[in-house]
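Me: Could we go through this structure together, from the overall fold down to individual side chains?

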Amino acid sequence: MDAKPEAARVRLDKWLWFARFFKTRSLATKVVASGHVRVNGTHVSKPSTNVGKGDTVTFPQARDVRVIRIDATGSRRGPATEAQALYTDLAPPQPRTVEKAPSAPAFEGGGRPTKRDRRKFDQVRRDLLE
């Protein structure tokens with residue numbers, strides 16, 4: 001059985017799915033259609049935009065911004081090792097530092113915290129998240 005020859009250019013949403021950046025093609029389509037994807041520095045909002053070898057794609061994924069250079073277009077959604085051969089990650093995601101959750105506020109006399117104590121605790125948590 002002959003393998004399909006690799007296409008010179010392929011749809012952006014299809015390539016993002018081939019390269020396993022998104023679990024489904026419809027998720028890849030939504031991200032591209034939202035207008036948050038750039039191809040070679042130009043904003044793209046059409047999932048049918050064609051990309052090929054040498055193009056640079058910038059897009060959000062989870063809490064990171066990925067910058068990817070396309071090395072191959074691929075012809076199918078294969079295993080992860082095959083998908084990783086399709087691109088070079090120009091800005092790999094940085095490891096996140098985990099902040100320790102704030103300790104419970106000190107209560108005088110024990111028992112349930114008062115509304116004032118809860119407000120103080122919520123303010124501390126809000127400050128840590130910002």
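**Overall make-up**

Reply: Of the 130 residues of the chain, 25% count as buried, where buried means under 20% relative accessible area, exposed means over 50% and partly exposed lies in between (1.4 Å probe, protein chains only). This is a predicted model, in which local features need pLDDT of at least 70 and side-chain atom pairs count only at pLDDT 80 or more, while totals for chains, interfaces and linings use all residues. Residues are numbered from 1 along each chain as its sequence is written, and side-chain values use heavy atoms, with hydrogens and water left out.

Me: How many helices and strands does the chain have?

Reply: The chain has four helices and seven strands. Helices (H or I, at least four residues) and strands (E, at least two) are DSSP runs, numbered from the N terminus. Read from the N terminus, the order of elements is β-α-α-β-β-β-β-β-α-β-α.

Me: What share of the contacts joins residues at least 24 apart?

Reply: The share is 44%, taken among contacts between residues at least 6 apart in sequence. Contact means heavy atoms within 4.5 Å.

Me: On to the sheet. What is the strand order?

Reply: The sheet is open, with five strands in the order 3-2-5-6-7 and antiparallel pairing. Two strands pair if DSSP finds at least two bridges between them. Strand 3 (42–44) and strand 7 (87–89) are the edge strands, each pairing on one side only. From one strand to the next, the twist averages 30°; axes here are lines fitted to C-alpha atoms, for helices over the stretch in contact, and angles run from 0 to 180 degrees between N-to-C directions.

Me: How many bridges hold strand 2 to strand 3?

Reply: Three bridges, in the antiparallel sense, pair strand 2 (residues 37–39) with strand 3. One of the residues involved is Val39, whose bridge partner in strand 3 is Thr42.

Me: And strands 5 and 6, how many bridges there?

Reply: Strand 5 (residues 56–61) and strand 6 (residues 64–70) are antiparallel and share six bridges. Gln61 has Asp64 in strand 6 as its bridge partner. The two strands form a hairpin with two residues between them.

Me: Which other strand does strand 6 pair with?

Reply: Strand 6 is joined to strand 7 by three bridges, and the two run antiparallel. Ile70 has Tyr87 in strand 7 as its bridge partner.

Me: Changing topic: how many aromatic pairs are there?

Reply: A search of the whole structure finds six aromatic pairs. The rings of Trp15 and Phe21 have centres 6.0 Å apart and planes at 40°, so this pair is tilted. Rings of Phe, Tyr and Trp (its six-membered ring) pair if their centres lie within 6.5 Å; planes under 30 degrees apart count as stacked, over 60 as edge-to-face and the rest as tilted.

Me: Are Trp15 and Phe21 buried or exposed?

Reply: Trp15 is buried, because its relative accessible area is 0%. Phe21 also counts as buried, at 6% relative accessibility. Phe21 forms a further aromatic pair with Phe59, which is edge-to-face, at 5.1 Å centre to centre with 70° between the planes.

Me: What about Arg20, where is it?

Reply: Arg20 sits in the loop between helix 1 and helix 2. Arg20 has a positive phi of about 65° although it is not a glycine, and counts as partly exposed because its relative accessibility is 39%.

Me: Last one: is Asp13 buried or exposed?

Reply: Asp13, in helix 1 (residues 12–18), is buried, because its relative accessible area is 2%. Its side chain makes a polar contact with the side chain of Arg11 (3.1 Å). A polar contact is a pair of N or O atoms within 3.5 Å; within protein, one must be able to donate a hydrogen and the other to accept it, and residues adjacent in sequence count only if both atoms are side-chain atoms. Not counting residues up to four places away in sequence, Asp13 touches Arg25, Ala28, Thr29 and Pro47.
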